[in-house]
Amino acid sequence: MYGFPTDEAMNCFIELAKDSSTKARNDEKEENALAWIGLLDGFFLEKLIARYDQGEKEALLHIINHCIWAKIDVPERFADAFGEAVFKWQKAEVPSLDKAFDVERPKGEHINARKKKLRLMRRVHLAVETLHKEGRPINKILYQEVGEQFHIGGTLAENYHKESKNTDAAVDKLTDDVLKSRVFKLREDDEYKNWVQAISKIPQKK
């Protein structure tokens, strides 16, 4: 998501904004910092909702978690969806919470391999891009060299790098889509505007 913060960068901005609010020297600075936090919280929630609407089932759990963390009222349809999943589990209609929320990991996926990928994928990506910026061509030799840095094979390094790039591209598109949608709806839809103001905790002008 170049040109606008990635999820990781957005979390950093939130933390920076929080830090600035605690160090605010006057009420105006503190209000501005809190408004910035609120805007980021609201925008991040809209991105999670977009992921859910695109069929990403686990986004529901992230929506609930983010609303609790950011002290945002959970939108009704997600509260209902969460309650329905828990009800299925409580009534033994499904054997596990994974089934209830439809977030089972693919069969054959080894948990340790997934942990390793989550731990290394971004680091491998940055290492490859750093060497590329220094003039190195992205090829098998470079992947092998980067793989050795992280004690993995060149093929795995290549897979991590490509998956990370694809993830970035998907996040970029999602961010652009949500931004464009928000700008349009804020102009055209008063109900949506009120919702954004509520979830973003934007101070209301008197």
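Trainee: Is D168 buried or exposed, and at what relative accessible area?

Mentor: This is a predicted model, where local features need pLDDT of at least 70, side-chain atom pairs count only at pLDDT 80 or more, and totals for chains, interfaces and linings use all residues. Residues are numbered from 1 along each chain as its sequence is written, and side-chain values use heavy atoms, without hydrogens and water. Buried means under 20% relative accessible area, exposed over 50%, partly exposed in between (1.4 Å probe, protein chains only). D168 is therefore buried, with a relative accessible area of 9%.

Trainee: Which side chain meets D168 in a salt bridge?

Mentor: A salt bridge puts a side-chain nitrogen of Lys or Arg within 4 Å of a carboxyl oxygen of Asp or Glu. Here the N to O distance is 2.8 Å, and the partner of D168 is R122.

Trainee: How many residues apart are R122 and D168?

Mentor: Helices are DSSP runs (H or I, at least four residues), numbered from the N terminus. R122 sits in helix α6 (residues 111–133) and D168 in helix α8. The pair links distant parts of the chain, 46 residues apart.

Trainee: E56 and R51 also meet in a salt bridge. What is the relative accessible area of R51?

Mentor: Their N to O distance is 2.6 Å. E56 is partly exposed at 28%. R51 falls under the 20% limit, so R51 counts as buried, at 18%.

Trainee: How many salt bridges does a search of the whole structure find?

Mentor: One of them joins E145 and R136 at 2.9 Å, N to O. Salt bridges with shared partners also join K140, E158 and K162 into one network. The search of the whole structure finds ten.

Definitions and conventions
Helices (H or I, at least four residues) and strands (E, at least two) are DSSP runs, numbered from the N terminus.
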